[in-house]
Amino acid sequence: MCDIYINSSEFGVEGGNIRLSSVRFSRRHFSQDSDRARQVTPLPPLSEPVPNLPPIVYSSAKSEDALTEVTVLGNGLRVASEKKFGQFCTAGVVIDSGPRYEVAYPSGICHFLEKLSFGATHKFPTRDVMLRELERHGGICDCQGSRDTTVYATSADSRGLEAITQVLAEVTLRPQLSTDEVEAARQAVAFELETLSMRPEQETILMDMIHAAAYKGNTLGLPKICPVENVHKIDRGTIINYLKNHYTPDRMVVAAVGVEHGPFVEYVQKYFVDMKPMWNSESNDLIKSNVDKSVAKYTGGIVQEECEIPLYPGSDLPELSHVVIGIESCSHSHPDFVATCVLNMMMGGGGSFSAGGPGKGMYTRLYTNVLNRYHWMFNATAYNHAYGDSGVFCVHAASPPARLHDTALLIARELSAMAGNVAVNELRRAKTQLQSMLLMNLEARPVVFEDVGRQVLATGKRKPPSYFINEIEKITADDIVRVATTMLSKRAAVAARGKLTHLPTFEEIQANMSLNKSETSPQGRRLNLFRA
């Protein structure tokens, strides 16, 4: 090791210029022998093993660690758990409850229940007292609902399992639902409805609209967002009546990940079974037995709303109009469910400003055939919503209002092309992407909890990830074409929102999705790439 330096005393200034005379360069040497003589630490070098250490025992995966145990209690309540390495656990309650069951009730009850979750209970007089109990164990909580399922979940230190099990039992079976809490929830729902109409993001509203078009007036077509006219109709008695009929043991699964099954079952028995729900003490005159058991009936059709979509603040994006085109797919228990998921990955899509490589989906059909070819397309994304008895496969697209006609027909034709040829490389890419997404999502403990709870609620057991990996691998191009052909034989469902002057008619959209296009069918004009 050496250092080169210049003797600055040899510099001079002459006529405003720097004069360099007799500049001497020299090397400064450092003794390596003296460094070796001084030891920084008495430990041996890293190239040699440390002496006197015990032999290393490496951990190994055990099949029982990934085993989901399920116990059915005397009242029909199912308890499911799975071990997972780590100090923290995730536990919660998955309930067969959602907007699809609100046929006999004013729509919006489940929206209210999300706002009322983890409030005051008979054990915890205020929300703050309950949250402090969770915080003693480093816990957090959340409640989310879909169209057919409601999930209450907590994550906390596994040593506080009994406490969080008690909290879960209290918030699901013994909430106070005081007048003040219901009014606070009413204000929260009203505020959320007001902000929804002020936000540029339209997915929440559009998903409600496409379901309303697909299942007109029944089950899955009922709104997830509380309608404005129902905000002041829902009261405490209505909510208790709903809870009494839908928060029953046979419709619930108490699940946990990262716990021992035996003690967990004991805690669930103590707080969910031995202690009774609050509605058992309510007046029977207020509670009527009313549970909807009807099967989802797909109708197809169109739902549209003429309005101005708010702009993104500080952005140069133009005003957009949105259209969603969907068709009936299959339930999550149907044999074709996995093939439909692979098809969804093949379609892919996203926003026009997404960045990334093949893993981000940039080689999917909606990118290569739509977003990369038409500069006026700002979004094209495929979704597959699967439920217990039906499903909706749809594509959401956004473009300037003047381009809405071309946008709708382009998406319709892209859906129709699903029944065409499937390239070997795109099928391989879609299958690999779906497999990797499945495994990466299941690395998160809360995702594993939800997967355990939903599967046990639907089937009474949980299929391991390896089962789905193998099922994905079995999918062939013929499976994709067969599934797409079956879906395209159904009537289309269309939802549109924004300035809709240029929206094509439902008949035009349906004709462009038809597998048997005739020369007389109204397939619209040829798309013009350069028209403004």
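Strands (E, at least two residues) and helices (H or I, at least four) are DSSP runs, numbered from the N terminus. The model is predicted: local features need pLDDT of at least 70, side-chain atom pairs count only at pLDDT 80 or more, and totals for chains, interfaces and linings use all residues. Residues are numbered from 1 along each chain as its sequence is written, and side-chain values use heavy atoms, without hydrogens and water.

Strand β7 (residues 88-95) runs antiparallel to β9, joined by eight bridges. Pairing requires at least two DSSP bridges between two strands. Thr-90 has Ser-155 in β9 as its bridge partner. Strand β8 (residues 140-145) also pairs with β9 in the antiparallel sense, over six bridges. Here Gln-144 stands opposite Val-151.

## The six-stranded sheet

An open, mixed sheet has six strands in the order β11-β16-β12-β15-β14-β13. β11 (301-306) and β13 (349-351) are the edges; each has a single partner strand, so one side of each lacks a neighbour in the sheet. Twist averages 20° from one strand to the next.

Strands β12 (residues 321-328) and β16 (residues 493-498) run antiparallel, joined by five bridges. Val-323 stands opposite Ala-496 in β16.

## Helices on the sheet

Helix α16 (residues 506-513) packs on the sheet and touches β11, β12 and β16 (contact: heavy atoms within 4.5 Å). Its direction makes about 55° with that of β12. Axes are lines fitted to C-alpha atoms, for helices over the stretch in contact; angles run from 0 to 180 degrees between N-to-C directions.

Helix α6 (residues 203-214) lies across β11, β12, β14 (379-386), β15 (391-399) and β16. α6 runs at about 145° to β16.
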